[in-house]
Amino acid sequence: MAETAETQQVDGKQAARAERRAARLAKRIGAFAKAHGGAEGQLAHLGQAGTRIVLVGEDGGWGDLVAPSYAVAESAVAKAGITVHEDFDGEFAAKVRTGPYEWSRMAGIQVGGPSGRR
């Protein structure tokens, strides 16, 4: 069955929107990499919410961004030119440096909530 001109137009608009989103994310990934002496990443599916791009800088700093789809996330990291890992484990995870804030948050969650109180 042939696509109508209207369907092709909608698909073209969606593709252009996805390309713009990927370009904006790539710019933010590049800024993160520049601020942290380089960066590596990992893509994690979030279901309907999209895909998380986890970034780890060469200095151990970390952060994340959310793309609306896995395809947009893949395009963004490719445009940014960073190394992407299949999993967040081993050597890659060991690069992350956490500070007192992260440790207190993790401890609080383990003992009953953000404040660490029950």
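## Overall layout

The chain has 4 helices and 4 strands. The model is a predicted one.

The chain has 118 residues, of which 28% count as buried. A residue is called buried when its relative accessible area is under 20%, exposed when that area is over 50%, and partly exposed in between.

## Helix 1

Helix 1 spans residues 5-35. Arg 24 belongs to this helix, and Arg 24 also takes part in a patch of positive charge on the surface.

Gly 30 counts as partly exposed because its relative accessibility is 32%, between the cut-offs of 20% and 50%. Between the C-alpha atoms of Gly 30 and Lys 79 the distance is 9.1 Å, although 49 residues separate the two in sequence.

## Helix 2

Helix 2 covers residues 70-80, and its buried residues include Val 72, Ala 73, Ala 76 and Val 77. Looking down the axis of helix 2, the buried residues fall within an arc of 130°, so they line one face of the helix. The spacing follows a general rule: an α-helix has 3.6 residues a turn, so residues three or four places apart point the same way.

Ala 71 and Ala 78 are on the other side of helix 2, where they are exposed. Just after helix 2 comes Gly 81, which takes a positive phi of about 75°.

A search of the whole structure finds 3 salt bridges. One of them joins the side chains of Glu 19 and Lys 79, with an N to O distance of 2.4 Å. This pair links distant parts of the chain, since Glu 19 is in helix 1 and Lys 79 in helix 2, 60 residues apart.

## Salt bridges involving strands

Another salt bridge brings together the side chains of Lys 95 and Glu 40, at 2.2 Å from N to O. Lys 95 lies in the loop between helix 3 (90-94) and helix 4 (100-110), while Glu 40 is in strand 1 (residues 39-45), so the pair ties together parts that are 55 residues apart in sequence. Lys 95 is partly exposed, at 29% relative accessibility. Glu 40 is buried because its relative accessible area is 10%, and the cut-off for buried is under 20%.

Asp 64 and Arg 52 also form a salt bridge, in which the closest N and O atoms are 2.6 Å apart. Asp 64 is part of strand 3 (residues 62-67) and Arg 52 of strand 2 (residues 51-57), so this contact ties together parts 12 residues apart in sequence. Asp 64 has a relative accessible area of 39% and is partly exposed. Arg 52 is partly exposed too, with a value of 32%.

Conventions
Residues are numbered from 1 along each chain as its sequence is written. This is a predicted model: local features need pLDDT of at least 70, side-chain atom pairs count only at pLDDT 80 or more; totals for chains, interfaces and linings use all residues. Side-chain values use heavy atoms; hydrogens and water are left out. Patches are made of residues with over 30% relative accessible area and no salt bridge: like charges are joined within 9 Å, nonpolar side chains (Val, Leu, Ile, Met, Phe, Trp, Tyr) within 5 Å. Accessible areas come from the Shrake-Rupley method with a 1.4 Å probe; for residues, only the protein chains shown count as cover. A salt bridge is a side-chain nitrogen of Lys or Arg within 4 Å of a carboxyl oxygen of Asp or Glu. Lys and Arg count as positive and Asp and Glu as negative; His and the chain ends are not counted. The place of a charge is taken as NZ of Lys, CZ of Arg, CG of Asp or CD of Glu. Helices (H or I, at least four residues) and strands (E, at least two) are DSSP runs, numbered from the N terminus. Buried means under 20% relative accessible area, exposed over 50%, partly exposed in between (1.4 Å probe, protein chains only). The arc is that of the directions from the helix axis to the C-beta atoms.
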